[in-house]
Amino acid sequence: MKKILILNGPNLNLLGRREPGIYGARGFEDYFEELKQRFADVAELSYFQSNHEGDLLDKLHEVGFSYDGVVLNAGAYTHTSIALQDAIRGIQTPVVEVHISNVHEREEFRHRSLISCACRGVICGFGLDSYRLAIESFVNA
Ligand code: DQA
């Protein structure tokens, strides 16, 4: 029985309304219900979103010594945050980095991630399904 956290960073509270041509028309809360049903045998599948870098750090510290996995979409902090990289390195729980869009076919500043080097793996470009694939990686581990 596993404990997995989905952690979403800045602007991801706007999913469904934000640039739907890139991020799709579905809100995350709706998709999260589907994930909970699909992964009903995961003991705890929880979700947290914040627009504030420090809140994301606090959440990683909170779950990072007891959970089995974190699925992290750090949004734009992916490209800027050494603090997130340090937090991922500092905890025991493995983190999988996800992105809804294929960041490598977008602007050059999105090609560099400051967190990938500290993560177990990276999944990007599959729309919301990127989250499911990341959860599968923990469930099958
Ligand atoms: C994103 C990609 C980031 O470059 C961007 O800043 C986001 C969302 C994605 O899921 O595709 O906010 O992480």
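**Ligand shell and an aromatic pair**

The model is a predicted one. The ligand takes up the space of the largest pocket.

The side chain of His99 places an N or O atom 2.8 Å from an oxygen atom of the ligand. For the side chain of Arg110, the corresponding distance from an N or O atom to a ligand oxygen is 2.9 Å. Ala76 contributes through its backbone: an N or O atom there lies 3.2 Å from an oxygen atom of the ligand. Taken alone, the ligand exposes 320 Å², and the protein buries 99% of that area.

Aromatic pairing was considered separately. A pair of aromatic rings is described by the distance of the centres and the angle of the planes. The structure holds five such pairs. One of them joins Phe28 and Tyr47. Their ring centres are 4.6 Å apart, with 35° between the planes, and the pair is tilted. Phe28 lies in helix α2 (residues 28-38) and Tyr47 in strand β2 (residues 44-49), so the pair ties together parts that are 19 residues apart in sequence.

Definitions and conventions: Residues numbered from 1 in each chain as written. Predicted model: local features only at pLDDT ≥ 70, side-chain atom pairs only at ≥ 80, totals over all residues. Heavy atoms only, no water. Polar contact = N/O pair within 3.5 Å; in protein donor to acceptor, adjacent residues only side chain to side chain. Areas by Shrake-Rupley, 256 points an atom, 1.4 Å probe, with all protein chains shown as cover. 1 Å grid on protein atoms, 1.4 Å probe; cavity = no way out; pocket = protein on both sides within 12 Å on 5 of 7 lines; lining within 4 Å. Sits in = over half its atoms within 2 Å of the grid points. Phe/Tyr/Trp six-rings, centres within 6.5 Å; stacked < 30°, edge-to-face > 60°. Helix = DSSP H or I, 4+ residues; strand = E, 2+ residues; numbered from the N terminus.
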